[in-house]
Amino acid sequence: MDEEAEYLETARADRSVWLMKCPPVVSRAWQAASASSSDAANANPVVAKVVLSLDLLRQEERPEEPTLQFKMELAQTNTGNTPKSYSLNMFKDFVPMCVFSESNQGKLSCEGKVEHKFDMEPHSDNLANYGKLCRERTQKYMVKSRQVQVLDNDHGMSMRPMPGIVGLISSSSKEKKKQAPVKPSDAKRTRRDRTEMENVIFKLFERQPNWALKALVQETDQPEQFLKEILNDLCVYNKRGPNQGTHELKPEYKKSTGDTDTA
């Protein structure tokens, strides 16, 4: 930074300035008017004028109420539906502020002290244009900007996750899950007669002394719950030992089956 930029120019620090909150539509109109100015010698063309009105009769009747009215009119005429006239609401109760500027060379200056603060609103003369502007703005934002684009590569290679990406599931894994065999449920198995099933179980225990529940379900093709009820009556469940997790016939049934074989 140059040495000249290290100092703040305060020659106009005591000048009174106005601070005005400007809507974007007015700011764009001013920028357009400044860009279209044909006077090259005038670097700061006139973009608007402020009209000050004073109601003397009202001031005599109610001296405690402010009678000053501010109205701003844009200098540009071809503004479309942008309101040309605005009412300025003045405020004096605000935080003290100053206005600063910086030149192209980096020189800093204090341009003045804010004396009045204004808020803008469309004047009653331009309410019709303001309504049209609001409708145009609403219609503009209602238009869908998204477009549907057809991909030339319909194989989806470009949409597949790259190696090293965590948290994404490929389509091949989903297909494998879908192709996994479905286990037959107990609802599809039909119960047989209980007496008939007891004879079948006796025959199976003649083949081998110990049976697991799953093996019996596969051998008999009966519902698991139905087999549990029969096994609870006929068998003992081995919770420990070499035959842990299997069923074997109760001693009284072992004896009866043995007697039957002997006979």
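**Strand pairing and an aromatic cluster in a predicted model**

The protein exposes about 20,800 Å², of which carbon and sulfur atoms supply 51%; accessible areas come from the Shrake-Rupley method with a 1.4 Å probe, and for residues only the protein chains shown count as cover. The structure is a predicted model, in which local features need pLDDT of at least 70 and side-chain atom pairs count only at pLDDT 80 or more, while totals for chains, interfaces and linings use all residues. Residues are numbered from 1 along each chain as its sequence is written, and side-chain values use heavy atoms, with hydrogens and water left out.

The protein contains eight helices and nine strands, taken as DSSP runs numbered from the N terminus (helices: H or I, at least four residues; strands: E, at least two). Of its 263 residues, 23% count as buried, where buried means under 20% relative accessible area, exposed over 50%, and partly exposed in between (1.4 Å probe, protein chains only). Among contacts with a separation of 6 or more, 59% are made by residues 24 or more positions apart; a contact means heavy atoms within 4.5 Å.

Strand pairing was assigned where DSSP finds at least two bridges between two strands. Strand S3 (residues 48–54) pairs with S4 in the antiparallel sense over seven bridges, and Val-50 stands opposite Met-72 in S4. S4 also pairs in the antiparallel sense with strand S5 (residues 85–91), over four bridges. Here the bridge partner of Glu-73 is Ser-85 in S5.

Strands S6 (residues 98–102) and S7 run antiparallel and are joined by five bridges. Cys-98 stands opposite Lys-113 in S7. The hairpin of S6 and S7 has five residues between the strands, and Gly-106 takes a positive phi near 90° in this hairpin. Ser-109 is found in S7, which spans residues 108–122. With a relative accessible area of 7%, Ser-109 is buried. Beyond its neighbours within four places in sequence, Ser-109 is in contact with Leu-8, Glu-9, Arg-12, Val-99, Phe-100 and Ser-101.

The structure holds four aromatic pairs. Rings of Phe, Tyr and Trp (its six-membered ring) pair if their centres lie within 6.5 Å; planes under 30 degrees apart count as stacked, over 60 as edge-to-face and the rest as tilted. Trp-18 and Phe-70 form an edge-to-face pair, at 5.5 Å centre to centre and 85° between the planes. Trp-18 lies in strand S2 (residues 16–21) and Phe-70 in strand S4 (residues 68–74), so this pair ties together parts that are 52 residues apart in sequence. Trp-18 is partly exposed, with a relative accessible area of 45%, whereas Phe-70 counts as buried at 9% relative accessibility.

Trp-18 also forms a tilted pair with Phe-118, at 4.8 Å centre to centre and 50° between the planes. This pair links distant parts of the chain, with Trp-18 in strand S2 and Phe-118 in strand S7, 100 residues apart. Phe-118 counts as buried, at 1% relative accessibility. Trp-18, Phe-70 and Phe-118 form one aromatic cluster.
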